[in-house]
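Have the viewer open as you read.

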Amino acid sequence: MQVRFGEFILDNERRLLRRGDAERHLSPKAFDLLQLLLTNRPRALSKPELHERLWPSTFVSDATLTSLVAEVRGALGETAGQGRFVRTVHRFGYAFDGVATEVTPGGESTANRSRCWIIWEWGQVPLTDGEHLIGRAGDVTVWLESPSVSRHHARIRISGTAVTIEDLGSKNGTYMRGDRLATRSPLSDGDEIRLGSVVVKFRFSDASGITETQHVG
């Protein structure tokens, strides 16, 4: 998948940032940071969340994160005071601030490929065919910042129009329709899922996709 914003393209599969035909150098961690900000746009990511996603189970100072943000801004040709894409949320964290479009290498919108979405108050995540973990570990697809959510809380499996969810032995449980999941269960468009104290909504979109974050709860 590629993401286009302004004159830049972020190629997730090849792990490249390009401005036109020229590659802009990013270290692996700086690439991960930019990818996180783009994936979670327009939601602002807190510093603790960024630390957990970039350096799971490892102590890293805020100064290291600040240097990483500066590297990303340098590659984009901007500074902290004059930036188009990376916004500082004072005393909180950072956010991607700009218009971005997801495209395939052939130019086709990815809306037709990512028809499933998890939506909650602070963001939305597109899901393609395959397995997707929900939790608060650094390797999950849907990252929920809550102490009531286990590191690997639940798993969603998608195969075409067949979608299921299962709890992964979480401490506080996964609930649908008021019942705690004990076995793998099918998911339908509009289903609300409670993971610990966090409520999310599953959506199965049409070809136009889902573009607006919805409030759940």
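This is a predicted model: local features need pLDDT of at least 70, side-chain atom pairs count only at pLDDT 80 or more; totals for chains, interfaces and linings use all residues.

Numbering starts from 1 along each chain as its sequence is written, and side-chain values use heavy atoms, leaving out hydrogens and water.

Start with the sheet: three strands make it up, open and antiparallel, in the order 5-7-6. Strands 5 and 6 sit at the edges with a single partner strand each, so one side of each has no neighbour in the sheet. Strands pair if DSSP finds at least two bridges between them; strand 6 and strand 7 have four. One of the bridges joins T88 to Y94 in strand 7.

The elements here are DSSP runs, numbered from the N terminus: helices are H or I with at least four residues, strands E with at least two.

| Element | Residues |
|---|---|
| Helix 1 | 28-39 |
| Helix 2 | 47-54 |
| Strand 7 | 93-96 |

Helix 1 lies across strands 5, 6 and 7, at about 65° to strand 7. Angles run from 0 to 180 degrees between N-to-C directions, with axes fitted to C-alpha atoms, for helices over the stretch in contact.

In helix 2, six of eight residues are buried (under 20% relative accessible area, 1.4 Å probe, protein chains only). Those are E49, L50, H51, E52, R53 and L54.

How do the two helices meet? In contact (heavy atoms within 4.5 Å), K29, D32, L33 and L36 of helix 1 meet L50, R53 and L54 of helix 2.

Methods: Buried means under 20% relative accessible area, exposed over 50%, partly exposed in between (1.4 Å probe, protein chains only).
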